[in-house]
Amino acid sequence: MYYNESDGALQHVDGTLADGVMTAYVKHFSQYAVLEYDKSFADVSPSFWAHVVQQMAAKHIVTGVSDTLFNPEGNVTRAEFAAMIHER
C-alpha cells in the first residue's frame, strides 16, 4: 500500500493482503493506493538461497546495488543490516 503525497510522490506503507482484502494501519486520513511492486534482480535466480531479497525489495527494505543487480555475495553495511532486521 502506498500513501499518495500532495506532490504526487508515493510513500510505501506496509500492509497485509489476506483473502483478497488489503489491511494497513494508517496515521492520517489521506489518499492511498494499493499497488503491486514486483522487483527482480538479474543476479538472484529463483533457486538461489538469497531469493528472499525480492520479497524484501517489494517491501522497500533493500534496494540492491543498481536497478537490475543486487550483488548477493557482496558485503553488507551496518545500516543495511539494521534495515533488514528492523521489524516492519
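Which residue in S2 is the bridge partner of asparagine 4? The partner is leucine 10, and this pair belongs to a predicted model, in which local features need pLDDT of at least 70, side-chain atom pairs count only at pLDDT 80 or more, and totals for chains, interfaces and linings use all residues. Residues are numbered from 1 along each chain as its sequence is written, and side-chain values rest on heavy atoms, with hydrogens and water left out.

**Sheet**

Helices (H or I, at least four residues) and strands (E, at least two) are DSSP runs, numbered from the N terminus. Strand S1 (residues 2–4) pairs with S2 in the antiparallel sense over three bridges, where two strands count as paired if DSSP finds at least two bridges between them. The open sheet has three strands in the order S2-S1-S5, with antiparallel pairing; its edge strands, S2 (10–12) and S5 (32–33), each pair on one side only. Strands of a sheet pair through backbone hydrogen bonds, either parallel or antiparallel.

**Nonpolar core**

The largest nonpolar core consists of nine residues, namely Phe41, Val44, Ala50, Val53, Met56, Ala57, Ile61, Val62 and Phe70. Such a core is a set of buried Ala, Val, Leu, Ile, Met, Phe, Trp, Tyr and Cys residues joined through side-chain atoms within 4.5 Å; buried means under 20% relative accessible area, exposed over 50%, and partly exposed in between (1.4 Å probe, protein chains only). When neighbours within four places in sequence are left aside, phenylalanine 41 has contacts (heavy atoms within 4.5 Å) that include Val53, Ala57, Ser66 and Phe70.

**Pockets**

A pocket is defined on a 1 Å grid over the protein atoms alone, as an open set of points where a 1.4 Å probe fits, with protein on both sides within 12 Å along at least five of seven lines; lining residues have an atom within 4 Å of a point. Grid points are joined across faces, edges and corners, and a volume is the space filled by probe spheres set on the points.

| Pocket | Volume | Lining by class |
|---|---|---|
| Largest | about 410 Å³ | nine nonpolar, four polar, four charged |

**Loop residues**

Most residues other than glycine have a negative phi. Aspartate 19, in the loop between S3 and strand S4 (21–23), has a positive phi of about 55° although it is not a glycine, and it counts as exposed because its relative accessible area is 82%. Asparagine 71, in the loop between H1 and H2, likewise has a positive phi, of about 65°, but is partly exposed because its relative accessibility is 39%.

Serine 66 also lies in the loop between H1 and H2 and is partly exposed, with a relative accessible area of 30%; its C-alpha atom is separated by 22 Å from that of histidine 86, 20 residues apart along the chain. Serine 6, in the loop between S1 and S2, is exposed at 82% relative accessibility.

Conventions
Nonpolar A, V, L, I, M, F, W, Y, C, P; charged D, E, K, R; others polar.
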